[in-house]
Amino acid sequence: MIIPQTRNIGLPMMNLMRFKGLPILQQLQIEEQLLRTSSENWCIINDGTNDPTIVMGVSGKPAELLEIESVLRDQVPVIRRFTGGGTVIVDNGTIFVTFICNKEAVPDLQPYPRPIMSWSSTLYSKVFQGIGDFNLRENDYVFGNHKFGGNAQSITKNKWIHHTSFLWDFDVRNMAYLKLPKRAPAYRSARGHLDFICRLKDYMPRSIFIDKTVEAAGTQFSLRSLKSEAIETCSKTEFCPSTRFLTNEELEAAAVAGQ
Amino acid sequence: MALTLWASSTANALKISCASKPHLSLAFSFSRCFSTVLDGLKYANSHEWVKHEGSVATIGITDHAQDHLGEVVFVELPEPGGSVSQGKGFGAVESVKATSDINSPISGEVVEVNSKLTEAPGLINKSPYEEGWMIKVKPSSPSELESLMGSKEYTKFCEEEDASH
């Protein structure tokens, strides 16, 4: 029996949870748990995270991606997340938007990376209509050829997650903790961090961006706002997330081994 | 959507990189015919293949899967001695900023893991049925193979899946 997830307007239901300043580790662990244990669709928006934190993708190698000496010296936390993709440093100027969907939630969408990425760009095209020169370029959200949003995904047998970190603002000093990645999109053309990225705040007020994102999601899903406490009752199974902090010992060992 | 997939798979086959464009609406669709499907293997609807030879079964992902996933840059596999269950995840690949679960077509004990994939994950794209094999398993329930698709059935499954999207 198929459990209906639609209201009378015929759109699949999606739970909407909004946070402000939720620690990024907690956000990612909640997302991983929902992906693995919840049968519902979710949109999570976290308006900034409290402390500057480096977040690597599942296969990230610290020695290749980070200036480990500076990271250890300044005690910048480093997380390895459960999704693919690259390395970012996030803080209270970063806005996070996540979609966790059942495979049937988006009609005619094949659950593979490129179709999901393409779907996401059509959603955000509505958000940025008439603003800047918005595009999805080699898996990044850009205005022109300047990146302001980074994407990552995880795809399971029956669900997928697509999450984005938007650079509403950033501290240039934090970019110094990140090396230039070996694997970079061609359009980056070997530009340094500051020549490659741009600030969303130069294009749109913060609250307007979040409101427009919710509005765009509402054109495809029937949104049901949940309070953050609801997350406790929605997921009853015991789950151990893989997303975690890397220890100082791990970072030091990586620096020595050059990995 | 089918045209976008066709174009991207052609680009992948020809090793051409192209910038992604927002989805365009289509007046018609193409049926995919680029994936290789080998006779003699069995296939799961999650796009893994299994080759049963004597007491060992070799498992990997299909040409259809590798093509849709894109360039594989990282592979996560279990350790020998572990167990796998039919339909459950045993590892993952990373491609195009995504991790994708790999599900076992059969249950059994992992007896060998393809260690070459650590340094050369792209073998999965270049040779999904041979050098890109992932694990070898001692099947615990050989009858599970009967529930899997043969080559003709899997070919039709892929065509229908691509046509419906």
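Which residue takes a positive phi in the hairpin of strand 1 of chain B and strand 2 of chain B? In this predicted model, that residue is B:His47, with a phi near 75°. The hairpin has 4 residues between its strands. Strand 1 (residues 42–43) and strand 2 (residues 48–53) of chain B run antiparallel and are joined by 2 bridges. B:Lys42 has B:Val50 in strand 2 of chain B as its bridge partner.

Strand 2 of chain B also pairs with strand 3 (residues 56–61) of chain B, in the antiparallel sense and over 6 bridges. Within this pairing, B:Lys51 is bridged to B:Thr58 of strand 3. These two strands form a hairpin with 2 residues between them, and B:Gly54 in the turn has a positive phi of about 65°.

B:Val96 counts as buried because its relative accessible area is 18%, under the 20% cut-off.

| Residue | Positive phi |
|---|---|
| B:His47 | near 75° |
| B:Gly54 | about 65° |

For chain A, an unreviewed UniProt entry lists residues 39–225 as "domain: BPL/LPL catalytic". In the model, the end C-alpha atoms of this span lie 17 Å apart, and the span is 22% helix and 31% strand.

How values were computed: Residues are numbered from 1 along each chain as its sequence is written. Chains are lettered from A and ligands numbered from 1 in the order in which they are written. This is a predicted model: local features need pLDDT of at least 70, side-chain atom pairs count only at pLDDT 80 or more; totals for chains, interfaces and linings use all residues. Side-chain values use heavy atoms; hydrogens and water are left out. Buried means under 20% relative accessible area, exposed over 50%, partly exposed in between (1.4 Å probe, protein chains only). UniProt positions are given in the numbering used here, feature names are shortened, and annotations may be inferred rather than shown by experiment. Two strands pair if DSSP finds at least two bridges between them.
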